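Hello,

Here is the structure I promised to pass on to you. Please have a look at it first, and then read my notes below.

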Amino acid sequence: MVEKGYNHQGIIAINSAEKLKNQCTWVCHENTNYCKENHVKLVKPYFEYIDPVYFGIISSLKSTGHYGVANVLFLVVLIPMAMYLLLIKSVNLQLKISRLKENQKKHD
């Protein structure tokens, strides 16, 4: 079956906007509960923990008045940048620990 792409403001997406039981479509983007009922299996027992964070992030992004821009800034720029900085910090701490261990061995 060839799906007809979802058309939003003249842009045609790869996925359709049809409700499909066997795969996510734009319906899942617009109606998270439909997706959770039909497509999510692994994390079902954890919805009570995941949902407040998930819907909290979406509400926060929507509250800016520019959901798309906020989404890109937060999820594509800020979070990866924070992860990168934490990685650099972790590597630097590990290097310091290694140097301290080396110095300790030299003095023993």
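Read along the sequence, the elements come in the order β-β-α-α-α-α, which makes 4 helices and 2 strands. Helices (H or I, at least four residues) and strands (E, at least two) are DSSP runs, numbered from the N terminus.

Before the details, a word on how to read the values. This is a predicted model, in which local features need pLDDT of at least 70 and side-chain atom pairs count only at pLDDT 80 or more, while totals for chains, interfaces and linings use all residues. Residues are numbered from 1 along each chain as its sequence is written, and side-chain values use heavy atoms, with hydrogens and water left out.

First, the overall numbers. Of the 108 residues in the protein, 17% are buried; buried means under 20% relative accessible area, exposed over 50%, and partly exposed in between (1.4 Å probe, protein chains only). The protein exposes about 9100 Å², with carbon and sulfur atoms supplying 64% of it; these areas come from the Shrake-Rupley method with a 1.4 Å probe, and for residues only the protein chains shown count as cover. Taking contacts (heavy atoms within 4.5 Å) between residues at least 6 apart in sequence, 2% join residues at least 24 apart.

Next, helix H3. It covers residues 47-63, 17 residues in total, and reaches 23 Å from its first C-alpha to its last, close to the 24 Å expected at 1.5 Å a residue. That expected span is 1.5 Å times one less than the number of residues. The buried residues of H3 are Phe47, Asp51, Ile58 and Leu61. Seen down the axis of H3, these buried residues fall within an arc of 110°, so they line one face of the helix; the arc is that of the directions from the helix axis to the C-beta atoms. Helix H2 (32-38) and helix H4 (67-107) are among what covers the buried residues of H3. On the face of H3 turned away from its buried side sit the exposed residues Glu48, Tyr49, Pro52, Val53 and Ser63. After H3 comes Gly65, with a positive phi near 90°.

Which residue forms a salt bridge with Asp51? The partner is Lys36, with the closest N and O atoms 2.5 Å apart. The pair links distant parts of the chain, with Asp51 in helix H3 and Lys36 in helix H2, 15 residues apart. A salt bridge here is a side-chain nitrogen of Lys or Arg within 4 Å of a carboxyl oxygen of Asp or Glu, and by this rule the count comes to 1. Asp51 counts as buried because its relative accessibility is 18%, and Lys36 because its value is 13%. Not counting residues up to four places away in sequence, Lys36 touches Lys44, Phe47, Asp51 and Phe55.

Finally, take a look at Thr25, in the loop between strand E2 (11-12) and helix H1 (26-30). Thr25 counts as buried because its relative accessibility is 5%. A polar atom of the Thr25 side chain lies 2.7 Å from the backbone oxygen of Glu18. Leaving aside its neighbours within four places in sequence, Thr25 is in contact with Asn15, Ser16, Ala17, Glu18 and Leu20.

Best wishes

How values were computed
Polar contact = N/O pair within 3.5 Å; in protein donor to acceptor, adjacent residues only side chain to side chain.
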